[in-house]
Amino acid sequence: MTADLTPDDKDAMAAEYALGLLSGDDFAQAQHLATTDRGFAQSVTNWEIRLATLTDELEPEKPNPASKKELLAKLFPNPKPTSFWERVWVWQAAGALSLLLLAVVLVIDFAGQPTATGPLYTAEIVTEAGDFRVVAVLDKSTDEVFLTRTAGAAPEGRILQVWAHGEGEPAISVGLWSEGDTIRLPLPQTIAAVEGVLTLGVSEEPPGGSLTGSPSGRVFGTIDITGVTGRI
């Protein structure tokens, strides 16, 4: 139970969570803490930063192709096709830096603000080709969404537009994202009232936004954020 965890226990769990070592109930518990406990979320961020800096002084070196082939043959004598979940792990690892960058932004943004009175939800919007990625944090204490673009951009002469909707409802505009890698948008009242499943999406539109009231350009992707509740 979360109530039984000491500060040292939480810090150790944050370290294991940052390293991707947790599974099962432990992973579920850490994931829950990361979205509801700002102290725990900050501890995870601190560990990610600490671990990331361990490689700062290492010089990249390209291995000899023959050596690499020989090493792989020794490590994996019976090659097998990469499973879907193994590929997912790689995608998650690649996205860790994205989440880290967003966490740094949020630490700056939240500095000096009151303690949250609602939960946080994190998600990533990514194209199937992986050429466009956005990390999103939904803050129900302020009914705002923070978005950080970590890959890709709108085509020249176009802008990004953020959309959201509840389950079974049409998408409505949350706001325009005309410049910068990071944006903070207040949720429209209709979206702020959504509970359960909230869907976020990003499309590219003409300057000034879609003229139809719905996405009219390429939709880079959508993500369903589940278990959304109102302010506590």
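This is a predicted model: local features need pLDDT of at least 70, side-chain atom pairs count only at pLDDT 80 or more; totals for chains, interfaces and linings use all residues.
View 1. In soluble globular proteins, nonpolar side chains tend to be buried together.

**View 2. The surroundings of Val 145.** Leaving aside residues up to four places away in sequence, Val 145 touches Ala 136, Val 137 and Leu 138, and also Val 174, Ile 183, Arg 184, Leu 185, Leu 187 and Leu 200.

**View 3. The open sheet of four strands.** The strands follow the order S1-S2-S3-S6, and their pairing is antiparallel. Strand S1 (120-126) and strand S6 (182-186) stand at the edges with a single partner strand each, so one side of each has no neighbour in the sheet. From one strand to the next, the twist averages 20°.

**View 4. The pairing of S3 with S6.** These two strands run antiparallel and are joined by five bridges. Phe 146 has Arg 184, in S6, as its bridge partner.

**View 5. Lys 140 in the loop between S2 and S3.** This loop links strand S2 (133-139) to strand S3 (144-151). Lys 140 has a relative accessible area of 2% and is therefore buried, the cut-off for that term being under 20%. The side chain of Lys 140 makes a polar contact, at 2.8 Å, with the side chain of Asp 143.

Note on methods. Residues are numbered from 1 along each chain as its sequence is written. Side-chain values use heavy atoms; hydrogens and water are left out. Contact means heavy atoms within 4.5 Å. Buried means under 20% relative accessible area, exposed over 50%, partly exposed in between (1.4 Å probe, protein chains only). A polar contact is a pair of N or O atoms within 3.5 Å; within protein, one must be able to donate a hydrogen and the other to accept it, and residues adjacent in sequence count only if both atoms are side-chain atoms. Two strands pair if DSSP finds at least two bridges between them. Axes are lines fitted to C-alpha atoms, for helices over the stretch in contact, and angles run from 0 to 180 degrees between N-to-C directions.
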